[in-house]
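Here are my notes for you, written as numbered points. Please keep the sequence and the structure open beside them while you read.

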Amino acid sequence: MSKFAEPMARLIDELKKLPGIGSKNAQRLAFHILRSSDEDAEALAGAVRDVKANLRLCSICNNITDGDPCSYCSSPTRNQRLVCVVEEPTNIAAIEKTRHFNGAYHVLHGCISPLHGIGPEQLRIANLMRRVQDGQVDEVILATNPTVEGEATATYLSGQLRRAGLKVTRIAMGIPVGSDIEYTDEVTMLKAMEGRREI
Amino acid sequence: MALKESEAIVLRTYPLREADLLVTLFTRMEGKIRGVARSAKKSKRRFGGALEPLTEVRVCYNEREGQDLMRLDSCEVLESPLASEVNYPRAVALAHVAELLDELLPDHEPNDAVFRLALAVLAELRERDIWLPLTYFELWMTRLMGYLPDLSECIVCGHALNGSRAYFHALADGLMCPNDKRLASSELSGESRKLANQMLHAPVESFSELSLQKAPTADLRKYFLQILQRHIEKKLVTAGMLEKIDR
């Protein structure tokens, strides 16, 4: 016999499917939802429904958006000839936080990951190549993660993009601001030395 | 709870809970182990880039009594694949080495010969084209796991294959002569068998002058992969990806 009434058990089962949520947390969230007002519970259910019904991928950059093209691709104040390539839509927020990048984006929705069977053909590269071949882009900044898989993705893309004859750059790697050189590992230090610049 | 230290190669990482990583390591001292790296996703201060696949590290870990998972205390990078350029073929080759080690090695069984082989092949993969080091790695993994059949005689009639054509089949335990080959067998060329014999008697560094493209070792690699996949009873994900690389 189930410990909880069927609707409660169902809600707990559904919440358990969320990343980072175990049985105890799922129970806590389910009881929180049960105790909240009808309006709050309805607002939560509505928000979940809305996300699934109204969000889609931008046809130009693959960012998640409620209107096509997305706000970055349709903005007249942004430099559409400068494109920053990122792995996931969440990476855009990190770059936007700098308030120094005024170009457009392209989201790959992943990176080359041979152990998971993900090669270049599984990534959203085709529409980036179309943008480049149509002559809409002057420079592409490769902002994939500084991991083996991110590096492999960046190297693969740079090979493809250079054939189109445009400027391809890679974001710098090195020591984080506020950290201590003494505690920096050798690979990070090597990358920092390689990417040094004249001041 | 004893703190242990060992040289190790990072094979894979999986996300665990909010910010932890579950890490599979091939240690020199204890063979393949699994451990939890606390907060490794959130903070890079403790582990930095040391948990990238195929990084050679010096790892300190706690063994907890009655528990299979170790607790990783620290990882010092000894050699990182990120120190040189990681292009697509090299990334697939590195992943292939990691997958083979992960699938073939049993837990908690040290194997110094495989450890030395892995280090030598990883060093070669930093320097040169991928095909020769990969062929060498697959050949020696097949041998060190005890799966390599005699390359010089037919398993059906026992006649020496020297000079004559040799064939292999996914369900056969060794090479066959033209008279005994099964339907849908593939040929293993004389040059490939000669190269395999050379590889069995020399370190991988001694082939540094030999630059191989994919095609000349394709039959040899197909043969070893068939043997290995038959023993692990599954298809290797990275084998399919290597097939798609054209040079």
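1. How do the axes of helix H3 of chain B and helix H5 of chain B cross, and within what distance do they come? This is a predicted model, and in this model the axes of H3(B), residues 131-144, and H5(B), residues 218-232, come within 9 Å and cross at roughly 35 degrees. The crossing of H3(B) past H5(B) is left-handed. On the side of H3(B), the contact is made by Trp131(B), Leu134(B), Thr135(B), Glu138(B), Leu139(B) and Thr142(B), while H5(B) brings Leu220(B), Arg221(B), Phe224(B), Leu225(B), Ile227(B) and Leu228(B).

2. Next come the charged pairs. Side chains of opposite charge can pair when their charged atoms come close. Over all chains, the count comes to 24 salt bridges, and a few of them are followed below.

3. A salt bridge joins the side chains of Glu30(B) and Lys4(B), with 3.4 Å from N to O. Glu30(B) sits in the loop between strands S2 and S3 of chain B, whereas Lys4(B) belongs to strand S1, so the pair ties together parts that are 26 residues apart in sequence. Glu30(B) counts as buried because its relative accessibility is 13%, whereas Lys4(B), at 21%, is partly exposed.

4. Arg38(B) and Asp20(B) also meet through their side chains in a salt bridge, at 3.7 Å from N to O. Because Arg38(B) lies in the loop between S3 and strand S4 of chain B and Asp20(B) in strand S2, this pair ties together parts that are 18 residues apart in sequence. Asp20(B) is buried, with 7% relative accessibility, while Arg38(B) is partly exposed, with a relative accessible area of 36%.

5. The salt bridge between Glu103(B) and Lys234(B), at 2.9 Å from N to O, links distant parts of the chain: Glu103(B) is in helix H1 of chain B and Lys234(B) in the loop between H5 and helix H6, 131 residues apart. Glu103(B) is partly exposed at 24% relative accessibility, and Lys234(B) is partly exposed with a relative accessible area of 41%.

6. Finally, which residues of chain A make a nonpolar surface patch? The patch, of about 310 Å², is made by Val51(A), Leu55(A), Leu57(A) and Ile64(A). Val51(A) has its place in helix H3 of chain A, residues 38-54, and counts as partly exposed at 47% relative accessibility.

Key: Residues are numbered from 1 along each chain as its sequence is written. Chains are lettered from A and ligands numbered from 1 in the order in which they are written. This is a predicted model: local features need pLDDT of at least 70, side-chain atom pairs count only at pLDDT 80 or more; totals for chains, interfaces and linings use all residues. Side-chain values use heavy atoms; hydrogens and water are left out. Patches are made of residues with over 30% relative accessible area and no salt bridge: like charges are joined within 9 Å, nonpolar side chains (Val, Leu, Ile, Met, Phe, Trp, Tyr) within 5 Å. Accessible areas come from the Shrake-Rupley method with a 1.4 Å probe; for residues, only the protein chains shown count as cover. A salt bridge is a side-chain nitrogen of Lys or Arg within 4 Å of a carboxyl oxygen of Asp or Glu. Helices (H or I, at least four residues) and strands (E, at least two) are DSSP runs, numbered from the N terminus. Buried means under 20% relative accessible area, exposed over 50%, partly exposed in between (1.4 Å probe, protein chains only). Axes are lines fitted to C-alpha atoms, for helices over the stretch in contact, and angles run from 0 to 180 degrees between N-to-C directions. A crossing is left-handed if the near helix is turned anticlockwise from the far one by less than a right angle, and right-handed if clockwise. Contact means heavy atoms within 4.5 Å.
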